[in-house]
Protein chains: 2
Amino acid sequence: MVWTIVGIAAASLTMSGFFPQVIKMWKTRSAKDVSGLTLIQFMVGAAFWMFYGIHIHDFIIIGANAIAFAILLIAVGLYLKFNRGMQRKRV
Amino acid sequence: MVWTIVGIAAASLTMSGFFPQVIKMWKTRSAKDVSGLTLIQFMVGAAFWMFYGIHIHDFIIIGANAIAFAILLIAVGLYLKFNRGMQRKRV
């Protein structure tokens, strides 16, 4: 029971992890210090986790990563919008 | 076999996802646009996943999240170092 809560807490925290970053980019209209590679890695990673979840028929993995992927899509969009032309060097 | 590769790719991408962010903060000495809440959520989330992995005796979950946690610790350290005094508003 307590372990179910730990698992749900873990999944909730990481699944919504980029939500505050989306809010921050939206409010400040800036993404200069944000790593685009980190966002891309998590976006592709969430998609792969989703496929893996479909394969092992685990609806928690599918659902959590579908939500994460949607948030990451918005994050990458905002990153491209607000980072464009500010600095060329991408890390 | 192909699904094992998808799973390993997914785990590798998300486990090392904050590595480029660490490199970027280190190189630019700046973390103004980075969301501290996102870093904290992932750090606590990785710790919870680790505990959950210990509970279900899954060494992949334990190992991947131990590495993620270590990278996040460095990320939070750099965030606090380079963000201090730059802007008060934390999102």
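## Close-up views of a predicted two-chain model

**View 1. Ser12(B) and its surroundings.** The side chain of Ser12(B) reaches the backbone oxygen of Ile8(B) at 2.6 Å. Ser12(B) sits in helix α1 of chain B (a helix is a DSSP run of H or I with at least four residues, numbered from the N terminus). Ala68(B) is 56 residues away from Ser12(B) in sequence, yet their C-alpha atoms are 9.7 Å apart in space.

**View 2. The largest pocket.** Here we look at an open set of points on a 1 Å grid over the protein atoms alone, with protein on both sides within 12 Å along at least five of seven lines. Its volume, the space filled by probe spheres set on the points, is about 1,100 Å³. Lining residues have an atom within 4 Å of a point; there are 40, and among those nearest the centre are Trp49(A) and Trp49(B). The lining divides into 29 nonpolar, nine polar and two charged residues.

**View 3. Two chains, one turn.** Chain A can be laid on chain B by a turn of 180 degrees and a shift of 0.0 Å along the axis, with an RMSD of 0.0 Å (least squares on C-alpha atoms of residues with pLDDT of at least 70 in both). That is the relation of a two-fold axis.

**Notes.** This is a predicted model, where local features need pLDDT of at least 70 and side-chain atom pairs pLDDT 80 or more, while totals for chains, interfaces and linings use all residues. Residues are numbered from 1 along each chain, chains are lettered from A and ligands numbered from 1 in the order written, and side-chain values use heavy atoms, without hydrogens and water.

Definitions and conventions:
On a 1 Å grid over the protein atoms alone, a cavity is a set of points where a 1.4 Å probe fits but cannot get out, and a pocket is an open set with protein on both sides within 12 Å along at least five of seven lines; lining residues have an atom within 4 Å of a point. Ala, Val, Leu, Ile, Met, Phe, Trp, Tyr, Cys and Pro count as nonpolar, Asp, Glu, Lys and Arg as charged, and the others, Gly among them, as polar. Helices (H or I, at least four residues) and strands (E, at least two) are DSSP runs, numbered from the N terminus. A polar contact is a pair of N or O atoms within 3.5 Å; within protein, one must be able to donate a hydrogen and the other to accept it, and residues adjacent in sequence count only if both atoms are side-chain atoms.
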